[in-house]
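Here is a briefing on one protein chain. Please read it alongside the sequence and the coordinates.

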Amino acid sequence: MKEPGPRIRPRRRPDDAALAHLHEAAFGNPAEARLVAALHGTGQAVVSLVAELPGVLPSPIVGHILFSRVQVAGCTPGSVLGLAPMAVLPEHQRTGIGSELVRRGLLACHAHGAIACVVLGHPEYYPRFGFQPADTFGLHCEYDVPREVFMAQELVTSALGEASGLVRYAPEFQNL
């Protein structure tokens, strides 16, 4: 019998200590944990979901995904969100938890009224969710990164038709 998948739910304030541990374990340093805390603290986090597996100790939280506001010329402020960070505890990676977080996160972004999302991430991973190179839409990352790692996805058909230029992340990302 296949074990049940993770329970995905919105992040709650009491989850914050578990999220700090999760991000530090997944990334090997505290930078992303500080970023998550800062984005929540300043209200920049728009969609923040956790994945729980019952019985996992010390906390059932084994994954987290966060989407925050980004600025894009030609788009209404707050209508485009950036996916970052996304983390799964190392011992639970490659089990589908990250994929479920991305799928459910994109649905939550659309339900929240977002028209598009961008991500700076693995070019072999994110295209399976509909992401494609952002320059396809005339978008460029404020950070000097290879073309293939900066991707975008429309959540509403033709939503990025008027968008162009530089995508700017929340100021909290400057401290990474």
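pLDDT is the predictor's confidence in each residue, from 0 to 100. The mean pLDDT of this chain is 94, and 98% of its residues reach 70 or more. This is a predicted model, in which local features need pLDDT of at least 70, side-chain atom pairs count only at pLDDT 80 or more, and totals for chains, interfaces and linings use all residues. Residues are numbered from 1 along each chain as its sequence is written, and side-chain values use heavy atoms, with hydrogens and water left out.

**Overall fold**

- The chain has three helices and nine strands; helices (H or I, at least four residues) and strands (E, at least two) are DSSP runs, numbered from the N terminus.
- Along the sequence the order is β-α-α-β-β-β-α-β-β-β-β-β.
- The radius of gyration is 16 Å, close to the 16 Å of the globule rule for 176 residues, so the chain is as compact as a globular protein of that length. The radius is taken over C-alpha atoms, and the rule is 2.2 Å times the number of residues to the power 0.38.
- The C-alpha trace spans about 50 × 35 × 30 Å along its principal axes.
- Among the elements, helix 3 has the highest mean pLDDT (98) and strand 9 (residues 164-169) the lowest (93).

**Burial and contacts**

- Of the 176 residues, 48% are buried. Buried means under 20% relative accessible area, exposed over 50%, and partly exposed in between (1.4 Å probe, protein chains only).
- Residues 24 or more positions apart make 67% of the contacts with a separation of 6 or more; a contact means heavy atoms within 4.5 Å.

**Largest pocket**

- The largest pocket holds about 840 Å³ of space. A pocket is an open set of points on a 1 Å grid over the protein atoms alone, where a 1.4 Å probe fits, with protein on both sides within 12 Å along at least five of seven lines. Grid points are joined across faces, edges and corners, and the volume is the space filled by probe spheres set on the points.
- It is lined by 29 residues, and those closest to its centre are Phe-27, Met-86, His-122, Tyr-125 and Tyr-126. Lining residues have an atom within 4 Å of a point.
- Strand 4 gives the largest share of the lining, six residues.
- Helix 1 (16-27), helix 2 (31-41), strand 4 (80-88), helix 3 (97-111) and strand 5 (116-120) each supply at least two lining residues.
- The lining has 18 nonpolar, eight polar and three charged residues. Ala, Val, Leu, Ile, Met, Phe, Trp, Tyr, Cys and Pro count as nonpolar, Asp, Glu, Lys and Arg as charged, and the others, Gly among them, as polar.

**Helix 2**

- Its buried residues are Ala-31, Glu-32, Ala-33, Leu-35, Val-36, Leu-39 and His-40.
- Helix 1, strand 2 (45-52), strand 3 and strand 4 are among what covers them.
- Leu-35 is buried at 3% relative accessibility. Beyond its neighbours within four places in sequence, Leu-35 contacts Pro-85, Glu-172, Phe-173 and Leu-176.
- Gly-43 follows helix 2 with a positive phi, near 80°.

- Ser-68 lies in strand 3 (residues 61-73) and is buried at 0% relative accessibility.
- Not counting residues up to four places away in sequence, Ser-68 touches Leu-39, Gln-44, Ala-45, Val-46, Val-80, Leu-81, Gly-82 and Phe-173.
- Cys-141 sits in strand 7 (residues 139-141) and is buried at 12% relative accessibility.
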